[in-house]
Amino acid sequence: MNKKLMILIFMKRMKLQLHKLYVFVIVILFASCSQSKVQDYDLTKFEENADPVRIGNLIINRFLEQPHSQYGSPLRINEPRTQITYPDVCTWLGGFWFSTSTNNKGLFNKLSMRFQPLLTTEAYLQPIPNHVDNNVFGTLPLELYRQTKDEKYLEMGMMYAKTQWELPKESVTIQEKAWANKGYSWQTRIWLDDMFMITAIQAQAYRVTKDEKYINRAAKEMVLYLDSIQLDNGLFYHSPKAKFTWGRGNGWMAVGMAELLRILPENNLERKAIMKAYKTMMATLKYYQNENGMWRQLVDDPTMWEESSGSAMFTYAMIVGVKKGWLDKIEYGTVARKGWLGLMKYVDDKGDVTNVCEGTDIGFTNEYYRNRLPLTGDLHGLAPVLWCAYALTEKDL
């Protein structure tokens, strides 16, 4: 065989090997891209720094090592405590849920032991059942009843659920009486927060009694709020007087709808309207999520700062929707995963959540919302991040 022929044969063999190598590389790259796409919407696998079990444990332990808060704020640590306030309730409830979903009995017992003084030496901290922010406290004893079947918890919790619809005999305003006469809670205000506070306690009452009157009236109340303050794009103004899409306010509505829908019977007459409102909101939120996976202090204003509590609430509502099958797994799973990962840079090593908007009344200018303080350690932020950890770890939402 002459040298020319040998060279030609060698070159053909090399060309064949290079072609095989090229095909192999393409296959590997394609598989890698495919795997990446699966991971983009996967709500089951996370790196250690974003592991929901680790994050949930971190936040609960941070909550347990601190005294009862004054409306969740780290700025009010020196004020005297007169009652358990709703940010504590929301974090505590999330702790019960999370410790149960992860089968962490030790953590559940610690949360339960924290509650015991409220039956004795700290009984004076039981809120008076005269406001939506107070009545939500009843979710805690009802959750303890669900887990322990101890009747003392049932009695305490149901008192808060019942009094939300029982008109007081004294000091009743004309407006409160009017709401009650129409079959709504006398505590109705048409404020965004209400749709978590009211639905949470009524949903708990339904869970423990199986009496549909509790969930039916929560659904009726929700539709009233949807008809009153939801915009065509699914977002909500802070109030009829404050026409700004405040992040955490919209978060309360998003979580309230998700919580209600996950236990509302399929044959409930209000379910279709609530589901439509929920999906409309989720579609708009998907559009406003930024490149970091977060949402802004005013949802529809890209010049505002990233705010963690509202972002966590939106993420929770989407995780629930994806896992319940209401939302497309790929489309919204991607948004939910991005939201969870985005929140991780706002959870510090102690378990505090940063960039949490301070307690906020209604405002009348963009600058009012822009200038609200971003706090570290406010329970308004710890609670919804903990809810997300629960939703990611719970197999049967």
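By contact I mean heavy atoms within 4.5 Å. Helices here are DSSP runs of H or I with at least four residues, strands are runs of E with at least two, and both are numbered from the N terminus.

A quick word on the source. This is a predicted model, where local features need pLDDT of at least 70 and side-chain atom pairs count only at pLDDT 80 or more, while totals for chains, interfaces and linings use all residues. Residues are numbered from 1 along each chain as its sequence is written, and side-chain values use heavy atoms, with hydrogens and water left out.

Back to our pair. Sorted by class, the contact of H2 with H4 has five nonpolar, two polar and two charged residues. For those classes, Ala, Val, Leu, Ile, Met, Phe, Trp, Tyr, Cys and Pro are nonpolar, Asp, Glu, Lys and Arg are charged, and the others, Gly among them, are polar. How do H2 and H4 pack? Their axes are 11 Å apart, at an angle of about 25°, which makes H2 roughly parallel to H4. The axes are lines fitted to C-alpha atoms, for helices over the stretch in contact, and the angles run from 0 to 180 degrees between N-to-C directions. Under 35 degrees is called roughly parallel, over 145 roughly antiparallel, 65 to 115 roughly perpendicular, and the rest oblique. The H2 and H4 crossing is left-handed, meaning that the near helix is turned anticlockwise from the far one by less than a right angle; clockwise would be right-handed.

Now let's stay with H4 and look at another partner. H4 covers residues 105-115 and H6 covers 139-148; their axes come within 12 Å and cross at roughly 130°. That angle makes H4 oblique to H6. Here too H4 passes H6 in a left-handed crossing. On the H4 side the contact uses Phe108, Ser112 and Phe115, and on the H6 side Leu140, Pro141, Leu144 and Gln147. This contact has five nonpolar residues, two polar ones and no charged ones.

So which residues of H4 are buried? They are Leu107, Phe108, Leu111, Ser112, Arg114 and Phe115. Buried means under 20% relative accessible area, exposed means over 50%, and partly exposed is in between, with a 1.4 Å probe and protein chains only. Looking down the axis of H4, the buried residues fall within an arc of 155°, so they line one face of the helix. That arc is taken from the directions from the helix axis to the C-beta atoms. As a reminder, an α-helix has 3.6 residues a turn, so residues three or four places apart point the same way. Lys105 and Met113 sit on the other side of H4 and are exposed. The buried residues of H4 pack against H2 (52-64), H3 (86-101), H6 and H7 (151-163).

H10 and H11 have axes that come within 11 Å and cross at roughly 145°. H10 contributes Ile215, Ala218, Ala219, Met222 and Leu226, and H11 contributes Met253, Gly256, Met257 and Leu260. The tally for H10 with H11 is eight nonpolar, one polar and no charged residues. H10 passes H11 with a left-handed crossing.

While we are at H11, which spans residues 247-261, find Val255 in it. Is Val255 buried or exposed? Val255 counts as buried because its relative accessible area is 1%. Leaving aside residues up to four places away in sequence, Val255 touches Phe196, Met313, Tyr316, Ala317 and Trp387.

Two loop residues deserve a look as well. Ser171, in the loop between H7 and H8 (174-181), has a phi near 55°, a positive value in a residue other than glycine. Ser171 is exposed at 75% relative accessibility. Lys210, in the loop between H9 (194-209) and H10 (212-229), has a positive phi too, near 65°. Lys210 is exposed, at 61% relative accessible area.

Finally, the whole chain. The secondary structure comes to 16 helices and two strands, and 55% of the 397 residues count as buried. The C-alpha atoms fill a box of roughly 115 × 45 × 45 Å along the principal axes. Thanks, everyone!
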